Amino acid sequence: MRACSPGEGSGDEDVIPLVITHGSQLTVSDVGPAGIGISSFTNVPGGTFTGTALGSWGALSRTVGVGGETIDGFSFPQGTIVLEGANLTSQITVNSGWLVLRGCKGSLLLNHPAGNGGGGAALYSELSAFNSVGAKDGRQPARSICHRCYFPHSGFENVYSNNVTFTESWIAVDPGSAGAHADGIQTWGGQSYLNFSRNRLQWNGAWNSTQSGLIAMYSDGSQSGFSGYDQITLQDNYFVVGLGGGIALHAPMGVAVTNMVVTGNRWAWSPDFGDPNYTPAVYRGSGVANYKTGGNAWSNNRWADGPSANQFLLPDNRTRSTDY
């Protein structure tokens, strides 16, 4: 019996939804074909998607009909193409329309021109990349969704658009090569309506200098005149830094931050950490946002284990027995 995602509906009352909470993990069998009852992958090419199913996808693809459809708890409009059980041999670049990968392996780039109205999702898939281009490049998909996905070697990098949902997924990031830059989830700034919740994020292998943030909310410049963050949720994520390198949460600094809720997150302790007030858990620097004004909130963020187990982590990376 497989697990169903919240809102999916199985008709089987004893099925309990599987979610990632503090310290639990998705395994490969929880995502991809095994996670949704697909027995095998079929090799198909990627290519450029412009709102019409590529003929080479054959019976693996279908079109959402009149009235739209709810898939794994998410609503998609009429005309959405759903591709299931595919092993994509090259990246799909989506320039228009809606595309959903469900139970697939592959790489996805959402490259919609601003105002196009299209978007994309990956559900129960194993991914090598998922990128969503933003307004600074004249691009802006209507929505980007990644749910119950597994990233065995890379991250959800270059997510520069608004309206991004990334939930119940497992990101395991390899260190980059010389001169590269490795993140788990990388945002730019000038973004709104981002939801990163109930995910497990970790570094693979030994640390090197390319590793930056598991959730890296940078302030690299404005998009359409807005340089801050608004309507952001970071909830119930589990961070595994280890081996002394890279930051778990690089929260925005030095820019306007409004309506950002950081709650229920947990950090795994590493023997490499010495001082609990100075660790790679939360980026320490000037310009830390005030999480008591502007609709912001920081609560119940703790160490999961180690000498400071269950103690609170504050926005400036201090560890305390009382909350923020």
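Start by selecting Arg198, which is partly exposed at a relative accessible area of 25%. (Buried means under 20% relative accessible area, exposed over 50%, and partly exposed in between, with a 1.4 Å probe and protein chains only.) This is a predicted model: local features need pLDDT of at least 70, side-chain atom pairs count only at pLDDT 80 or more, and totals for chains, interfaces and linings use all residues. Residues are numbered from 1 along each chain as its sequence is written, and side-chain values use heavy atoms, with hydrogens and water left out.

**Stop 1**

(Strands are DSSP runs of E, at least two residues, numbered from the N terminus.)

Is Glu168 buried or exposed? Glu168 is buried, with a relative accessible area of 1%.

Arg148 forms a salt bridge with Glu168, and the closest N and O atoms are 2.6 Å apart. This pair also spans distant parts of the chain, 20 residues apart. Look for Arg148 in the loop between strand 13 (144–147) and strand 14 (150–151). The Glu168 loop runs between strand 15 (164–167) and strand 16 (170–173). Arg148 is buried, at a relative accessible area of 1%.

**Stop 1: the Arg62 network**

Select Arg62, Glu69, Asp72, Glu84 and Arg102. A network of salt bridges links these residues. Zoom in on one pair: Glu69 and Arg62 form a salt bridge, with the closest N and O atoms 2.9 Å apart. Glu69 is partly exposed at 28% relative accessibility. Arg62 is partly exposed too, with a relative accessible area of 32%. How many salt bridges does the rule give? The count comes to 8.

**Stop 3**

Switch to cartoon view. Here 3 strands form an open sheet in the order 17-20-23, with parallel pairing. (Two strands pair if DSSP finds at least two bridges between them.) The twist averages 15° from one strand to the next. (Axes are lines fitted to C-alpha atoms, and angles run from 0 to 180 degrees between N-to-C directions.)

Why is one side of strand 17 left without a neighbour in the sheet? Strand 17 (185–187) and strand 23 (247–250) stand at the edges, each with a single partner strand, so one side of each has no neighbour there.

Next, select strand 20, residues 213–217. Strand 20 is mostly covered: 5 of its 5 residues are buried. On one side, 3 bridges join strand 17 to strand 20. Thr187 stands opposite Met217 in strand 20. Strand 20 is also joined to strand 23 by 3 bridges. Gly213 stands opposite Ile247 in strand 23.

**Stop 2: two positive phi angles**

Select Tyr193 in strand 18 (residues 191–197). Phi of Tyr193 is near 60°, a positive value in a residue other than glycine. Tyr193 is partly exposed, at 49% relative accessibility.

Finish at Asn300, in the loop between strand 26 (297–299) and strand 27 (302–303). Asn300 has a positive phi of about 55°, although it is not a glycine. Asn300 is partly exposed, with a relative accessible area of 28%.

Key:
Helices (H or I, at least four residues) and strands (E, at least two) are DSSP runs, numbered from the N terminus. A salt bridge is a side-chain nitrogen of Lys or Arg within 4 Å of a carboxyl oxygen of Asp or Glu.
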